[in-house]
Every structure is written in structure tokens, then in C-alpha cells.
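Please read the notes below with the structure open beside you.

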Amino acid sequence: MSDTAKTARLVAPEGRTVDLPVLEGTLGPAVIDVRRLYAETGTFTYDPGYTSTASCRSAITFIDGERGVLLYRGYRIEELATKSDFLEVAYLLLHGELPTREQYDRFVHDITYHTMLHEQIQFLYRGFRRDSHPMAVMIAVVGALSAFYYEDLDVDDPHHRMVATHRMIAKMPTIAAWAYKYSVGQPFMYPRNDLDYAANFIHMMFATPCEPYRVDPVLARALDRIFILHADHEQNASTSTVRLVGSTGASPYAAVAAGIASLWGPAHGGANEAVVRMLEEIGTVDRIPEFLARAKDRNDPFRLMGFGHRVYKNYDPRAAVLKESADEVLDLLGIRHNPKLEIAKELERIALQDEYFQERKLFPNVDFYSGIILEAMGIPRRMFTAIFALARTVGWMAQWNEMIVDPEQKIGRPRQLYVGPGERAYVPMEERR
Ligand code: SDX
């Protein structure tokens, strides 16, 4: 990181000139450091949705939106998705370097031996209706972890942070799988230490106590790759939520519960479930023009789910990997004809030739193809975003750790442009008209 001597000169409303430092990173846009702006000019910046605002320094993930490039600690997502595995990527995101064999084996052991939940936690599920959405259940159960691991948690203690990080990453598959088992009225399956991370999740999802269940290695590998692709993504809405909650010193479990809540929205991680519903509603290729017209109609709230992105103004590299994986997984599963995939590919082809989408640089994002693969793998639709949350927990914990030790970080507290009434006196009820 090199903070240059460059400055940006600002002429404030009352004519004062302010020179603000310009900070340069390793890659990507430089930033204008506005921390002194209010003190020196009495004005705030205004940036709803933080479209032009950097909230922190981070060394974890970098996105080049114009070129459609995604790097985890400098490594391209395409390379990690094909050559690495999820726990190796988790180690990389948490520690900044790819692990040695010894570091990897130790990390896998630590995660494996934290996958069980406290026996009391299973009773939390019983407070929900069986048809509750898994994301609502996960928000509650993850938040409840802060009741089980609270007394001995000092976020300023590196060892405490490492244990909390391992617990969170290790227990998410168990929490997510149990949310599914509860919804279908089947008994919970305990984690198995002889299975790898993705295989263990599949086993907890689909095995029963009644007979042995063999995890298909093709599905496990495909799911592991999906986990890698969803692991982290700079300061997206849910990661920013985790950082903001964590900035108050709150429990990391409470921060991740808030992150899950944020991810659930259809504009964010909930889009993967919405894409599959949209493709089902379109039904046939010949109805695509009708839906594209709705997506372009300002008076119609309908949006093409799985399309567009705040940062990518080119093809989301994760979508490219998932599009390729879709063909591969369906072929390996012996699925020759998948109507949703055919509609998705035709929808993409037509949309990318359409001026509306070209002008706004709207391309498929990570959610456009992921649901098709998950559904083909037999994962129920309501678990799609839960799987996104399971994978993104690694990124949330990496970002939370980075925030806690960042000397520049303090409690997040944005300001506002006040447009409400000026000061006025209370009027007794009998005098109001
Ligand atoms: C994720 O931030 C991240 O990194 C998120 C994520 C991660 O890994 O954490 O990548 C995961 O959340 C992916 C996004 C999943 N969401 C969807 O697929 C939902 C559909 N997409 C949109 O809602 C939208 O594209 C967003 C929310 C993703 C981005 O919204 P922005 O950046 O606020 O852009 P915008 O709403 O200002 O849109 C710009 C223009 C508008 O048109 P005009 O006002 O200029 O005429 O593009 C239009 C929008 O109406 N537009 C779309 C559209 N997305 C944007 N029009 C139709 N269909 C769409 N999908």
C-alpha cells in the first residue's frame, strides 16, 4: 500500500479551498481521503448506496468491474475454482497466503473438529414452523451462537478471534443442513469427520439414519466449486453489514447473523432463488421477448434476476465458470435436456444483443446460473441462498478479522442530508387542527 503525496483540491461552498490527500492502493481506483472534510468545510459527502465510497482498506478481494476480473488475495477466481478446494481458499482468504501441506492439514482438522453443534441448539429449530424459510432459521440459529459462545469471547484476543472464526466456518454447513432437515420433517444428521467439507454438507442434507448414504463425488466437487465462487466479494451489502455490526464490538456470531439477513434480499444473495422462479415463469424460449420488455419498462418493477451488478460492467467471471459448470454437471448427472438452462442461455444471448442491456452494461452475475446447477443437483430451491450464506461466511469472517485489527477502523456511523422540518414547539392536542 503506498499513500502518495498527491492531493485533490476542493473549493468548498463558502469558497474555502481544501487540499485532501489522495491514497493509492495496489490495484484499482485511488481514493480521496475525506476524513477531514467536515472539520474543514462543514459539509458532508453524499453517496446513497455508497456507489463511489470506499469504506475501508482491504487486502482480501479485488474486483476489476470493467474487465470482469475477480482476485482472492491476488489469485484469479477462475484458477482457484479449477485448481483449489474450498478450505484451501478459506485459508487463503483468512491468512493471505496459500497454505503449506502442514498448514492445510491442520486447518482442515480444526474445521472438521468444530462441525458439531451444542446439543441444546437442536431445540431452537423446534420453535419454528416446519415451512419456515431456511434463511430465517439460519439468522436465528447463528445469532443464538452468541448466547452459547459469549462469556469467553474477547474480540481483541487473536486466539479468541481464531476460535470464533473456525467455529463459524465449521458450523454453518451443520446449521444450514439442519434447517433443511427440519423443513422436511427428517431427523438431523450429525457431521461426519471422515468426509470433506462439501461431502459432509451433502451427507447431512440427504442421508438418513436408516441406511448408509454414498455422497456422489461429482456433486461434492461441483458444490465445493460453488462454495469457492461465493466465498468473498469485496464490500458487498452483506459484508458491509458484518463490518458495520462488528465495528461496534458486537459478537462475530451476531455480525454474521446480520450478514445472513442482508444476503437474503432478492437484490443480493436471494437472487439465485429468484432466477429459477423467473425461468420457471418464462417457461418457454418464445416468451423471452415478453419478459425482456417488462425488464426494460420503467413502469414495471420486474427486473431480470441474475443480471446486472454494482461493480461488474462486464461479464461476472463467476457466472462464466458456473455457465461452464452447468453443462458439465448436467452431463455428469445424465441430464440431457434442462429447459431452464436452455431458456437461461437464450435469455442471455438475446439480452446481451439488446441496446437497453448494452447501454447499462448489464451482464449475467453469479446468481444467473448457480440455481440451475443446484436444482439439478437435487438441492431444494429454498436452500440456494442458504448455500450462498454458508460459502460467504468465509469472506465475512476474513473481512471481520481484517476490520478488527485495522488501526483506522472505528465504529461505523454515517451522517445524512437532513430534509425534515426545522425546529418547532410542541402543540397541545386540543389546539391541533
Ligand atoms: C449479488 O455487490 C456484490 O458484490 C453482490 C454479489 C456478491 O457476490 O456479494 O455479487 C452478489 O448480489 C449479485 C446481484 C444479484 N442481484 C440480482 O441479480 C438482482 C437483479 N439485479 C439488479 O437488481 C441490479 O442490477 C443490482 C441490484 C444487482 C445492481 O443495482 P445497482 O448497481 O444499484 O444498479 P441500478 O439499480 O442503479 O441499475 C442501473 C440501471 C437502471 O436503469 P436506469 O434507471 O438507468 O434506466 O440498470 C437497470 C436499472 O433499472 N437495471 C436493470 C437490472 N439491473 C439494473 N434492469 C433490468 N434488469 C436488471 N436486472
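**Notes on the predicted model**

1. Strand 4 and strand 5 (residues 69-72) pair in the antiparallel sense, over 4 bridges; strands here are DSSP runs (E, at least two residues) and helices are DSSP runs too (H or I, at least four residues), both numbered from the N terminus, and two strands pair if DSSP finds at least two bridges between them. Within this pairing, Leu70 of strand 5 is the bridge partner of Ile63. The hairpin that these strands make has 4 residues between the strands, and in it Gly68 takes a positive phi near 65 degrees.

2. Before going further, please keep in mind that this is a predicted model, in which local features need pLDDT of at least 70 and side-chain atom pairs count only at pLDDT 80 or more, while totals for chains, interfaces and linings use all residues. Residues are numbered from 1 along each chain as its sequence is written, and side-chain values use heavy atoms, with hydrogens and water left out.

3. Strand 4 (residues 61-64) is covered on both faces, since Thr61 and Ile63 on one side are buried, as are Phe62 and Asp64 on the other; buried means under 20% relative accessible area, exposed over 50%, and partly exposed in between, with a 1.4 Å probe and protein chains only.

4. Strand 5 and strand 6 are joined over 2 bridges, and Arg76 in strand 6 is the bridge partner of Leu71.

5. Another open sheet of 3 strands has the order 1-2-3, again with antiparallel pairing. Strand 1 (7-11) and strand 3 (31-32) stand at its edges with a single partner strand each, so one side of each has no neighbour in the sheet. Strand 1 pairs with strand 2 (residues 17-23) over 5 bridges, and Ala8 stands opposite Leu20 in strand 2.

6. Leaving aside neighbours within four places in sequence, Thr385 is in contact (heavy atoms within 4.5 Å) with several residues, including Met135, Trp264 and Asn272.

7. By contrast, Leu417, in the segment after helix 18 (384-405), is exposed, with a relative accessible area of 57%.
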